There are 2 protein chains.
Amino acid sequence: MRVEIWSDIACPWCYVGKARFEKALAAFPHRDRVEVVHRSFELDPGRAKGDTQPVITMLTRKYGMSEAQARAGEENLGTQAAAEGLEYRTHGRDTGSTFDMHRLLHFAKAHGRQDELIQALYRANFAEERSVFDGDEHLVELAVSAGLDADAARAVLADPSAHADDVRADEREAAALGANGVPFFVLDRAFGVSGAQPAEVFTQALTQAWDARSPLRPVTGAVTGGADAEDAGACGPDGCAVPRH
Amino acid sequence: MRVEIWSDIACPWCYVGKARFEKALAAFPHRDRVEVVHRSFELDPGRAKGDTQPVITMLTRKYGMSEAQARAGEENLGTQAAAEGLEYRTHGRDTGSTFDMHRLLHFAKAHGRQDELIQALYRANFAEERSVFDGDEHLVELAVSAGLDADAARAVLADPSAHADDVRADEREAAALGANGVPFFVLDRAFGVSGAQPAEVFTQALTQAWDARSPLRPVTGAVTGGADAEDAGACGPDGCAVPRH
């Protein structure tokens with residue numbers, strides 16, 4: 001079974017939701033047969049690299065919140081994060097473009113280090129004092145902490161086209177699947193969970209998706225009136241069949 | 001959409017079937033949204049590393065063919081391969097354990113080079129004079145030709161436990177899906193194609209699987225009587241929703 005998780009590093013509910021999902025997954029009896037893939041979603045795709053601002057300023061300017069509302073939202077997130085055992089700095093965080101982080105996450109995926117890197121990025125953004133938006137070298141350090149090569153990570157960051165299409169393909173896929181917010185969890189492309197639901201909802205989704213797995217429907221040439229399955233060359237423990245045509 | 005292909009390097013129909021599938025995929029209108037994953041399947045899982053023999057000898061001893069039958073089978077495969085534009089040596093090939101090649105393919109997958117490596121292994125086994133079963137250094141050379149690091153590939157080969165569980169997990173998954181021969185193609189875990197079918201069968205399978213994609217079924221806490229979807233924290237282009245609970 002495969003679970004795809006669309007998220008953004010700048011999305012606090014993605015940070016919290018990932019922990020809730022993982023709690024459910026850790027207790028799921030078939031967890032060894034569940035593969036998790038992280039997919040890109042930018043909350044603010046129009047933001048330029050280097051254009052950063054305090055989270056509270058962004059919340060008041062972009063979403064028209066009062067400063068008190070914005071601060072209350074951050075406090076609530078801090079409480080929810082703490083309930084999942086996560087550190088969360090409710091004051092003084094920055095926000096900015098996450099495009100390069102998503103490119104780096106695709107590079108990490110190609111090297112089997114995607115989960116390690118997204119965890120490092122979340123931690124840097126939500127729990128650490130140093131801003132994750134303070135330049136490429138910080139991202140290189142986080143990539144190295146996730147087990148990636150420093151020079152290779154630096155080269156990805158220096159080339160704006162590297163993995164850019166992978167990020168955009170994920171975002172198109174999210175739109176095609178009807179996601180308009182994150183986190184967004186998709187199980188076997190059959191079930192969707194929207195938002196940082198409680199762990200029991202993820203347990204329910206894992207169970208439903210597992211139970212919904214059905215036997216494969218065979219596709220053979222017989223349906224088209226052409227060659228039939230018996231005719232196809234195949235090898236098994238008893239040798240290789242030789243088709244008649 | 002995801003296509004998983006179970007195959008073995010020692011399986012000539014896998015070599016031919018991959019080319020036929022790729023012909024269909026190249027002409028499929030949604031090819032940019034198709035992800036291909038190669039999965040492990042050993043035709044001869046009991047064979048020890050280093051225990052190699054000529055293909056013709058294996059065919060006569062293991063499957064009780066006459067030498068004439070075995071040679072005719074190889075000639076037929078040569079003809080079928082040539083029809084796909086593939087080179088195929090009908091005389092003088094060896095066979096042996098492919099377990100280490102499958103381990104190396106999982107290592108390549110983790111580095112985004114799986115398709116490159118399987119292609120290099122197929123070519124080495126079916127088209128080149130030098131046996132692909134003649135030792136680790138040959139596999140290291142093939143790994144390098146697929147874009148992998150020589151020392152890292154050497155380390156994988158030297159450690160029999162590296163990616164061994166990945167190989168066995170793929171093989172268990174094949175059994176769970178009902179595959180008893182290869183190549184075996186699985187589309188979105190919903191449709192199966194067995195054998196080196198003609199390209200038009202793969203076209204039909206891709207089309208059927210594409211058309212069978214259905215909207216995601218949402219899973220929300222409302223079903224359990226607990227929290228409901230409206231209550232889940234999520235962030236979208238208009239900000240982050242704050243749950244009431």
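A disulfide is a pair of cysteine sulfur atoms within 2.5 Å. The structure, a predicted model, holds four disulfides over all chains. In chain A they follow the pattern 1-2, 3-4, with bonded cysteines counted along the chain.

Residues are numbered from 1 along each chain as its sequence is written, and chains are lettered from A and ligands numbered from 1 in the order in which they are written.

**Disulfides of chain A**
- A:Cys11 is bonded to A:Cys14, S to S 2.3 Å.
- The torsion about this S-S bond is about 90°, so the disulfide is right-handed.
- A:Cys11 is buried at 0% relative accessibility (buried means under 20% relative accessible area, exposed over 50%, partly exposed in between; 1.4 Å probe, protein chains only).
- A:Cys14 is also buried, at 2%.
- A:Cys235 is bonded to A:Cys240, S to S 2.2 Å.
- The S-S torsion of A:Cys235 and A:Cys240 is about 100°, so this disulfide is right-handed.
- A:Cys235 is buried at 1%, whereas A:Cys240 is partly exposed at 23%.

**A disulfide of chain B**
- The sulfur atoms of B:Cys11 and B:Cys14 lie 2.3 Å apart in a disulfide.
- Its torsion is about 90°, so it is right-handed.
- Both B:Cys11 and B:Cys14 are buried.

**B:Ser131**
- B:Ser131 is buried, with a relative accessible area of 19%.
- A polar atom of the B:Ser131 side chain lies 2.9 Å from the backbone nitrogen of B:Phe133.

How values were computed. Predicted model: local features only at pLDDT ≥ 70, side-chain atom pairs only at ≥ 80, totals over all residues. Heavy atoms only, no water. Polar contact = N/O pair within 3.5 Å; in protein donor to acceptor, adjacent residues only side chain to side chain.
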